Amino acid sequence: MLFSSAVFLVALTTSVRALAFSDAPTVAVAQINLKGVIGYVRFETLNETATKINTNFTGVPQNGSMGVNWHVHRFPVDLTINPDYRCLNDYVGGHYDPLMVGSSFNPNYTIDCSSDNPTACEIGDLTGKFERLKNGMFQYIDNTGLLQLGGLRGIVGRTIVVHNVGGANFVCGTICSTIENQEGTKVVTLSATFISPVAGVVYLRQAGQEHAVMFGKMFWVNGTDTTEYHNWHIHQYSPSTDYRIGNCTVVGPHFDPFAQGPTNDPMYYCSPKPSNITNCEVGDLTGKHDTIDVAANPLPFQVEAFFYTDIFLNLTGVNAVAGRSIAIHAPNRGSPIIACAPLVITESRVVATNFAAEYFRAEQASPYEETTISTSVTFPSRNINILTEVLSTYRLCPVRPPYDPLGQSDTNMPSTPDTFPIGSIYQKYSAELQLSTFTVTELPLFGINIVTSRTLQAVGTNRRACSGILPPINTTTLVAVASFNEGVEGNVLFIQDKLSDGTLGQTNVIVDLHYINSDESPTSGHNWHIHTEPPVPNQPCEENIGPHFNPFNVSLDSENQISNYSEDCSPYSKLRCESGDLSGKHGQLSIDPPGDDMATFSYLDPNLHLYGPDAHIIIGRSVGIHQNIPLRYCSKVQRAYLNKANVTISEPDNFNRVDFVNEIYERTSVSAQSILVTQIDVGATSVDETVCVNIELEVIGFTDTESIRNAEVVQSDLCNNYRNDRCMTSRDDYRALCAGSINTVSILLFVILMSVVFITISV
């Protein structure tokens, strides 16, 4: 795992009343495999005052024989950030200097800090205490007693940054406790996502029996300037669904399972000092750590961000904080609660697909975690790529370039995973693909460059296959669709899951739109939004669909100009955007005519809801798409139900999915926008060498009954008009395929998009 928790190594002289401490980490490692630099920094606790550091690197930029600077920085590495920027101080913070002895506080710092006087150095200044980092294997001993793996000033969970010759941050890796690699260790991540009037995410994480760490950043969404000294606590209960607009009336008292607080102790006093931290309520985050500040702007992350270790929190199990809430009080240690959020087990992002009997599955627990891949794909001489296309490919799985949103195809850098396109699975991980399970750093399921809903392609010596990479479906998934058929046609799909504890997952947004007229030129720069009202038939969009959907009262303007909405709202700070501002959160759309290069898009949205109070959900509202400035296209967002239809035909001479769907529309009463090609399986060969194609569809209905009826109509038409008995080994087998394959249980989801293509190439 990339990220691990930290613990206290503070020697406590007072008795522990009801609270218990967990084990401290003794070994931690920061792995780096970035920009051609490969290696690690390993820390090992020898005793209360001594820590051993081993380094082993290749590819570190060298300044002759001098090496480069290296430091511990404040925050973990966010793997969703472009590798060119993720190691900058804006994201990982500055040097770790909790004792405030660095150059900002001491003008003679560079003179005072040295290997002969290491106690004058920042805790994180490894260059100052030892020497510059070089390639090869080296060992150092820190005898100051200040460089601790855990505890109040622990470094586990923070980041090692290696600089380049010019001094700029170059590469980095999170410092991880090695307990995470031990079989049976359970790692739990909780998150509290604040929406309004304060927004941001607090992450809590615990590995095994080690102590929890928490970090995050809060910012205003209503144009308020930065405010300071906010008390914050874990409260007994989860808030109501109105917490998104600051209603925190039901969160109850501070979480205090051991009756430590002022209700039972009139002399209650809590601080991080070893002499009285054991007197603290479990939920008293202010007392155990400090107050927090709320920033005016979401970026840069390091401004007003925080990171603490907590020796008493259990995230799950006995006296767990999961299922409770975090509340933030008014500034300057004021009493009123101004914002709150439920503490929930973080929704791991999972995507999966199948190639016949083979599978590919990826899971990422948070933006700060590596992605775990499990696969059984065993194509000989295989080349596995993730393609840009969302839904199915336009034709029958052509060999296409990999997904490359960062423009890495032309890089001349050394071959670490970040130097290849995100979609180049085989190039980046050819050795790991021999294993059934492995972890990687450059396959994001969070952030702006997600691979969710794109297409996985595997090419072998005499076989190629394509399949949609989709999250698994469950019974609590909701689907909504906005279908377009005037000027542009296609769908915008919205998919949201309700988690087992009742909280809501993020919403997948999938855009598959194209011009109806094939003579249209491609266009770009289309702003798009959720608007408050549904369209009125035969009326211009701009006259009747209302303003942008903004249920959480996000401010667009600031009287004091402290915040600028057009700058603050971005794909890197989606919680600062109006809920309905899809352009701000995800970027503008491109629309193409139907064809091989038809643009499709996949996004992940943290504050767009299908579940919840009517005032907070998008169902019944509209999607509006601009062309230049005017609103040009709009469609109502409706709840969707889906069912399958299935048929086998002989291989067409010139198949494309748009023409195929339109042909079905011409033969049936089912609209083209209600038919999604979800699986194309090419290569089953009959006894007379006919190459056969199995086509699976998802058919949309706006009630469950309508979906089943539409699927039956489509399947009946396909079987009557397209069947080719030579594609089956016997007529009975074919009849079994055409009949009885309607899925009469409405499914709410991701199967919508499943696109699997198998092609056998005759040699």
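What percentage of the 763 residues in the protein chain is buried?

**Figure 1. Overview of the protein chain in the predicted model.** Buried residues account for 58% of the 763 residues. The secondary structure consists of 10 helices and 38 strands. Of the contacts between residues at least 6 apart in sequence, 67% join residues at least 24 apart.

**Figure 2. Close-up of the open sheet formed by three strands, β12, β15 and β16.** The strand order is β12-β15-β16, with antiparallel pairing. β12 (232–235) and β16 (337–342) are the edge strands; each has a single partner strand, so one side of each lacks a neighbour in the sheet. On average, neighbouring strands of this sheet are turned by 25 degrees against each other, direction ignored.

**Figure 3. Close-up of the pairing between β15 and β16.** Strand β15 covers residues 325–329 and is joined to β16 by five bridges. The two strands run antiparallel. I328 has A339 in β16 as its bridge partner. Strands of a sheet pair through backbone hydrogen bonds, in either a parallel or an antiparallel arrangement.

Figure 4. D404 is buried but has no salt bridge. K428, the nearest side chain of opposite charge, is 8.8 Å away, whereas the cut-off for a salt bridge is 4 Å. The D404 side chain reaches the backbone nitrogen of Q408 at 2.8 Å.

**Figure 5. Close-up of the contacts of D404 beyond its sequence neighbours.** With neighbours within four places in sequence left aside, D404 is in contact with S409 and P421.

Terms used. Residues are numbered from 1 along each chain as its sequence is written. This is a predicted model: local features need pLDDT of at least 70, side-chain atom pairs count only at pLDDT 80 or more; totals for chains, interfaces and linings use all residues. Side-chain values use heavy atoms; hydrogens and water are left out. Buried means under 20% relative accessible area, exposed over 50%, partly exposed in between (1.4 Å probe, protein chains only). Lys and Arg count as positive and Asp and Glu as negative; His and the chain ends are not counted. A polar contact is a pair of N or O atoms within 3.5 Å; within protein, one must be able to donate a hydrogen and the other to accept it, and residues adjacent in sequence count only if both atoms are side-chain atoms. Contact means heavy atoms within 4.5 Å. Two strands pair if DSSP finds at least two bridges between them. Helices (H or I, at least four residues) and strands (E, at least two) are DSSP runs, numbered from the N terminus. Axes are lines fitted to C-alpha atoms, for helices over the stretch in contact, and angles run from 0 to 180 degrees between N-to-C directions.
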